[in-house]
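The following report sets out the architecture of a structure and the contacts between its parts. Please consult the sequence and the model while reading.

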Amino acid sequence: MTTHETIRQLLALSAAGLLDAADERRVREHVHECAECSAALEELAAVSANLGRLPAPMAPPDLLARTEARVAAEMADRAGLRHGAILAVGAGLFAWMAALATWGVYRLLTGSAGWLAWLMLTTVPAYMAAGAVAVMFASRRRLERSLL
Amino acid sequence: MIDQAANFEDVPVAEPDEIARLRRRDNAALACVVGRYQHRLYRYLRRLVREPAAADDLFQHTWLNVVRQMDHYDSRRSFDTWLFAIAHNAAMDLLRRRTGESLEESGQELTAAEPDALSAAMASERTAILAAEMAGLSAPYREVLTLRFEEGMKLEEIAEVTRAPLSTVKSRVQRALETLREKMTARYQKEDLL
């Protein structure tokens, strides 16, 4: 590839201000001697200058308010989900702790029954309590949304 | 050739304090930041997807994604490029779903739409026609032109937003500008172009 062809490919980037100093200097030196590249660079520079002055499409006046409302609703939704998850975990923990407290009663009633069976009997209600809270919470959110 | 300092020094950008508050999901900070980027982001999206309704929806979708992904934002990076990269992803998803919209760097460009009466009346004929010619380019070309000439981004920043290699960004800028030069010189004599 000749110098002319190499420089020819750099003209657009020069017009866009995207060349490093060394390449920019090579372009300058070449266009000083080459009328064809000089004319092309001038035209590219004119197009580049006008691209920075294009009429900008204006955002609708209510776009900001609509965006804020949509994002606020999303944030409230996420906060609600966190709240629901915390409630469900809390309910599960509470149910489990309550079941743990029945260890003595369990031993008394079942005699020498294994701890594994007792663990199952305490864990299942905990999951059920957490699930019930999650379902109740989801139902309440559906109701709230339908009322909006 | 273009004077970055003169063109882009007054561009509104988010303050570090606002970004920190946005991370804490502060509604007031969100309003400030959305307000600052409102016109820049909307302009970028309009250039990319062209239709006002689609740009409007993508604008809102971009900010929803900003809020969702704010915890992953690295404050050492530029918020501008992070924001525009999110907008880019949303716009590309839309353009991929759209029939008839090319995401390829087509050598055979679309026929430019005629500028509407309002823009022709408000802007000079030259810039209105240039805007119409730009709108006729394929999406990757429109995108690099708006990021460079309207957002004043450097090559590296454009590469970060578009997730394209530097060499690809360079070739897109080069081809897009050459295409516009050919179209404009075909319409006007050189002295009218300047």
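## Basis of the description

This is a predicted model, in which local features need pLDDT of at least 70 and side-chain atom pairs count only at pLDDT 80 or more, while totals for chains, interfaces and linings use all residues. Residues are numbered from 1 along each chain as its sequence is written, and chains are lettered from A and ligands numbered from 1 in the order in which they are written.

## Overall make-up of chain B

Chain B contains 11 helices and 0 strands; helices (H or I, at least four residues) and strands (E, at least two) are DSSP runs, numbered from the N terminus. Of its 194 residues, 39% count as buried, a term for residues with 20 or more other C-beta atoms within 10 Å of their own, as against exposed at 12 or fewer and partly exposed in between, with C-beta atoms placed from the backbone.

Two residues are in contact if their C-beta atoms, placed from the backbone, lie within 7 Å. Among the contacts in chain B between residues at least 6 apart in sequence, 59% join residues at least 24 apart.

## Domains of chain B

Chain B is divided into domain 1 (1-101) and domain 2 (105-194), with bounds that come from an automatic or database domain assignment. Contact between them involves 17 residues of domain 1 of chain B and 12 residues of domain 2 of chain B. On the domain 1 side, α1 (4-8), α3 and α5 (79-97) of chain B each supply at least two residues. That side divides into 7 nonpolar, 5 polar and 5 charged residues; Ala, Val, Leu, Ile, Met, Phe, Trp, Tyr, Cys and Pro count as nonpolar, Asp, Glu, Lys and Arg as charged, and the others, Gly among them, as polar.

## Helix packing in chain B

Helices α3 (residues 27-49) and α8 (residues 139-150) of chain B pack at an angle of about 155°, their axes being 8 Å apart. Axes are lines fitted to C-alpha atoms, for helices over the stretch in contact, and angles run from 0 to 180 degrees between N-to-C directions. The angle makes α3(B) roughly antiparallel to α8(B), the term for angles over 145 degrees.

In this pair, B:Arg43, B:Tyr44, B:Arg47 and B:Leu48 of α3(B) meet B:Ala139, B:Arg142, B:Glu143, B:Thr146 and B:Glu150 of α8(B). The contact comprises 3 nonpolar, 1 polar and 5 charged residues.

## An enclosed helix

Helix α9 (residues 155-162) of chain B is largely enclosed by the rest of the structure, because 6 of its 8 residues are buried. The buried residues are B:Leu155, B:Ile158, B:Ala159, B:Glu160, B:Val161 and B:Thr162. Their cover includes α5, α8 and α10 (166-187) of chain B. Just after α9(B), B:Arg163 adopts a positive phi of about 55°.

A:Gly114 lies in the loop between α5 (103-110) and α6 (115-147) of chain A. With 9 C-beta neighbours inside 10 Å, A:Gly114 counts as exposed.

The contact between the chains takes 35 residues from chain A and 45 residues from chain B. Elements giving two or more residues to the chain A side are α1 (3-15), α3 (35-51) and α4 (63-100) of chain A. The largest share of that side, 10 residues, comes from α4(A). By class, the chain A side has 22 nonpolar, 7 polar and 6 charged residues.

Key
Parallel < 35°, antiparallel > 145°, perpendicular 65-115°, else oblique.
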